[in-house]
Amino acid sequence: MIYEYALIFLGAAIPWFEIALVIPLGIVWGLSPAWVMITAFAGNMLTVMLLIIGFDKFRIWYDKRQQKKGKEPSKKNDRAVRIWNKYGLPGLSLLGPILIGTHIAAFIGMTLGATKRNTTVWMIISIGVWTLAFGILTALGFDFFTA
């Protein structure tokens, strides 16, 4: 059983899997919704916090990587900039998990000038809200289909 929760933790920590996919899967697998939500929140927050703490080094690495590939900014990046311009860091943080991913939202927010402290606060709020939403809605929906 610990193995399954470890997979939830790792899945939530990996960009592009994150809580939107991992929480419903864990609950549908029959794991405890509360423990799935706690584990997924912790996994997602761990890597987001590592990104925020190591932002300066990560940005240097990321910029070099993009230059080598000769890539233009992705559609996700463009979408994030539009969200930032319209709603600021709170909007980017709250919409990020469902539109572009938490890691990308945190990175772009900091790239556009958000402080590490503000990014941390808003990402905790955002990941917490979405964890509750995905967990509660999945648990209620799953109970509805199994009843």
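This is a predicted model: local features need pLDDT of at least 70, side-chain atom pairs count only at pLDDT 80 or more; totals for chains, interfaces and linings use all residues.
**The nonpolar core**

The largest nonpolar core counts 34 residues. Within this core, Ile19, Ile23, Val36 and Leu92 have the most contacts. At least two core residues come from each of the helices α1 (2-13), α2 (18-28), α3, α4, α5, α6 and α7 (116-146). Helix α3 gives the largest share, seven residues.

Apart from its neighbours within four places in sequence, isoleucine 23 touches Val36, Met37, Ala40, Thr131, Phe134 and Gly135.

**Helices α5 and α6**

Helix α5 covers residues 75-99 and helix α6 covers residues 102-111. Their axes are 9 Å apart, and the two helices pack at an angle of about 100 degrees. Because angles of 65 to 115 degrees count as roughly perpendicular, α5 is described as roughly perpendicular to α6.

On the α5 side, the contact is made by Lys76, Asn77, Ala80, Trp84, Leu89, Leu92, Gly96 and Pro97. On the α6 side, the residues are Thr102, Ile104, Ala105, Ile108 and Gly109. Sorted by class, the contact of α5 with α6 holds eight nonpolar, four polar and one charged residues. Leu92, one of the α5 residues in this contact, is also among the core residues with the most contacts.

**Aromatic rings**

The model has four aromatic pairs. Two of them are set out below.

| Pair | Centre to centre | Angle between planes | Class |
|---|---|---|---|
| Phenylalanine 55 and phenylalanine 107 | 5.6 Å | 55 degrees | tilted |
| Phenylalanine 58 and tryptophan 61 | 5.4 Å | 45 degrees | tilted |

Phenylalanine 55 lies in helix α4 and phenylalanine 107 in helix α6, so their pair ties together parts that are 52 residues apart in sequence. Both phenylalanine 55 and phenylalanine 107 are buried.

The other pair in the table lies within helix α4, where phenylalanine 58 and tryptophan 61 are three residues apart, about one turn of the helix. Phenylalanine 58 is partly exposed, at a relative accessible area of 30%. Tryptophan 61, with 46% relative accessibility, also counts as partly exposed. Phe55, Phe58, Trp61 and Phe107 together form one aromatic cluster.

Glutamate 18 is located in helix α2. Its phi is positive, about 50 degrees, although glutamate 18 is not a glycine. The relative accessible area of glutamate 18 is 5%, so this residue is buried.

Glutamate 18 is in contact with asparagine 44, which sits in helix α3 (residues 33-53). Asparagine 44 has 0% relative accessibility and therefore counts as buried. With neighbours within four places in sequence left aside, the contacts of asparagine 44 are Ala12, Ala13, Glu18, Ile19, Thr102, His103 and Ile127.

**Serine 74**

Is serine 74 buried or partly exposed? Its relative accessible area is 34%, so serine 74 is partly exposed. Serine 74 belongs to the loop between α4 (55-69) and α5.

Terms used:
Residues are numbered from 1 along each chain as its sequence is written. Side-chain values use heavy atoms; hydrogens and water are left out. Axes are lines fitted to C-alpha atoms, for helices over the stretch in contact, and angles run from 0 to 180 degrees between N-to-C directions. Helices (H or I, at least four residues) and strands (E, at least two) are DSSP runs, numbered from the N terminus. Angles under 35 degrees count as roughly parallel, over 145 as roughly antiparallel, 65 to 115 as roughly perpendicular and the rest as oblique. Contact means heavy atoms within 4.5 Å. Ala, Val, Leu, Ile, Met, Phe, Trp, Tyr, Cys and Pro count as nonpolar, Asp, Glu, Lys and Arg as charged, and the others, Gly among them, as polar. Buried means under 20% relative accessible area, exposed over 50%, partly exposed in between (1.4 Å probe, protein chains only). A nonpolar core is a set of buried Ala, Val, Leu, Ile, Met, Phe, Trp, Tyr and Cys residues joined through side-chain atoms within 4.5 Å. Rings of Phe, Tyr and Trp (its six-membered ring) pair if their centres lie within 6.5 Å; planes under 30 degrees apart count as stacked, over 60 as edge-to-face and the rest as tilted.
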